[in-house]
There are 2 protein chains.
Amino acid sequence: MAQIAITLLTKAIEYDLNGRKLESLKLYEDGIEALLKESKAEVDPKRKQHFQAKIIEYMNRAEQVKALITRWRSRGEIRDKIHVVDGATGYSYARVFGKYMTDEVKELMVEEPYVRDHYQICNLVMLCELAVTSCRNLKFVKLLTVRDKKQNDEQGRAFQTLQESLKKQGVEFFVEYSEHMHDRQVILSNGYIIKIGRGLNYFKPVGSKYSLGAFNYHFRECRETNIDVFYCPENDKS
Amino acid sequence: MAQIAITLLTKAIEYDLNGRKLESLKLYEDGIEALLKESKAEVDPKRKQHFQAKIIEYMNRAEQVKALITRWRSRGEIRDKIHVVDGATGYSYARVFGKYMTDEVKELMVEEPYVRDHYQICNLVMLCELAVTSCRNLKFVKLLTVRDKKQNDEQGRAFQTLQESLKKQGVEFFVEYSEHMHDRQVILSNGYIIKIGRGLNYFKPVGSKYSLGAFNYHFRECRETNIDVFYCPENDKS
C-alpha cells in the first residue's frame, strides 16, 4: 500500500476511535481515493485484488461513520427553545452557543448556506473565535456552504485566511461546498445541535462603527428568529 | 435661584452622597457656572450677596470632591503587575480589566491622550462595551484626552456617536480635552486603577479582517508594555 494512503487511513482509524468523527470521515475518504489510484495503477492481479478488498473494508468503515453523523443531524431531544423577537438585543453567539461549547467539544460542524458577503464571513470568524476560546480541545471545524460564483473569489481567499489563522490555534478548518443545502445548524461533537431559523446571520447592522455593538454583538439588534437546541447523547460516545 | 442651577446643584449633592463623584463634580461645576450668570445679572444687592455666598459654598463642596478624585489618582497600593512581552497574545481588555469591573462600579474615568485614529477610537468603544456588560450599575464614563486638530473632526463625531449609543444603555459619556496630559490610566469608582504603560492602544493590527482576533482581541498580538493595578479603598467610600 502506498505510504500516503497508509498515513491517511491510520489517522482515520485513530480519530474514529477518538471521537473525532468528522475529521475521521474526511481522512477515510481521502485515504480511499489514494487507494483507488494505487489500485488502478497496479498491474499484478494479486496485489490489485488485495487493494480492492482493502478499499471495500475502508468504505464500510467510512459508511458507518457517515451513518453516525447522519443520526446526529436528524435525531436528538429538544433541550432549549428561544424565540428572538424583531429588534431584541442580548443574543450574541456567547449567549446562544456559549453554554454548550465545553471542553468535551473536539469537532464543530457549521451548516450555513450564506457565507459569502463580508458581514456573513465575519459572523463565521466570530463563531470560530468563540469556539476556540470556549472549547479547549477543539481540533476540527467543518463548514458546509454554497460556493460564491463571483469572479474575484473573495470567499475562497477569506476561507484560506481563516484556515491559516485557525491552524495557529491547532484547529483544522475544512470547507465542503454543496448546491443543495436545506439545513442551517451548528453541530457540536458533545451531542448538542443548535438550529437557528435564519442561520448565523440574524444580526442587524449597527448604525455606526463607533456604536456599542461594533465588537460585542450582545448590543446588536436581531432579526426575528427561532433557536432550537437539541441534544443527541449518541454523539457523545467517544 | 434660577431653576437650572437648582436642578444641577441638587443632582450634584445627590450624586456626591451616592458615590458618583465624577459626575457630581461635573454637575457642581455646571451649577456654579449657572449661578455665576445669575449673580452677574442680578441688580438687587441683597440677592446678589446671597448668590455669592451660595457660589462660595458650592465651590467648597466641589473642591472637596476634586481633592478626593486627585487622591484616587495618586494613591493606592499595588495589587497586580503584568509584564506583557512583545508579540504575546491573551491580553484582551476582558482579561486585563474584567475582574475589576464589578457591579460596584458606577463611574469610569479613562485618561488616554491618543483617541484619534480609527483603531484608537475602536479600542475605546471596545472598553465601553466591556464596562457596560460587566458593571451593571455603571452611570458615567469620563474620557480625558487630547483634541484632534484635524479639519473634518472625525473624533468629535465619533464621540457623539458613542455618547448616543451609551445613553441608550443609561450611561452618560463626557469628554474633557486637555493639552497637557501625562497619565494614562483607567480609574474605576470601586477603587481600582489600571495603569498601562502604552495606554489602551497596545494591540498590534491583525493580518486580515478574516483572522481570529477580528472581534475578540484575546487573539491579537500585543506590543511590549507593563500593566500595574492599584487599589485605593478610599474610592469605595460611597
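**View 1. The rotation axis and the residue of chain A that comes closest to it.** In this predicted model, A:Phe215 is the residue of chain A that comes closest to the rotation axis, with its C-alpha at 2.7 Å. Chain A can be laid on chain B with an RMSD of 0.1 Å by a turn of 180° and a shift of 0.0 Å along the axis, the superposition being by least squares on the C-alpha atoms of residues with pLDDT of at least 70 in both copies. The two copies are thus related as by a two-fold rotation axis. Residues are numbered from 1 along each chain as its sequence is written, and chains are lettered from A, and ligands numbered from 1, in the order in which they are written. Because the model is predicted, local features need pLDDT of at least 70 and side-chain atom pairs count only at pLDDT 80 or more, whereas totals for chains, interfaces and linings use all residues.

**View 2. The contact between chain A and chain B.** Chain A and chain B each bring 23 residues to the contact, where two residues are in contact if their C-beta atoms, placed from the backbone, lie within 7 Å. The elements of chain A that give two or more residues to this side are α5 (118-134) and α6 (154-167), and α5(A) gives the most, with eight residues. Helices are DSSP runs of H or I of at least four residues, and strands are runs of E of at least two, numbered from the N terminus. By class, the side of chain A that touches chain B has 14 nonpolar, eight polar and one charged residues; Ala, Val, Leu, Ile, Met, Phe, Trp, Tyr, Cys and Pro count as nonpolar, Asp, Glu, Lys and Arg as charged, and the others, Gly among them, as polar. Since 100% of the interface residues of chain A are also interface residues in chain B, the copies meet through the same surface.

**View 3. The two sides of helix α1 of chain A.** The buried residues of α1(A) are A:Ala5, A:Leu8, A:Leu9, A:Ala12, A:Tyr15 and A:Asp16. They cover an arc of only 125° around the axis, which puts them on the same side of α1(A), the arc being that of the directions from the helix axis to the C-beta atoms. On the other side, A:Gln3, A:Thr10, A:Glu14 and A:Leu17 are exposed. A residue is buried if 20 or more other C-beta atoms, placed from the backbone, lie within 10 Å of its own, exposed if 12 or fewer do, and partly exposed in between. The buried residues of α1(A) pack against α2 (21-41) and α3 (45-74) of chain A.
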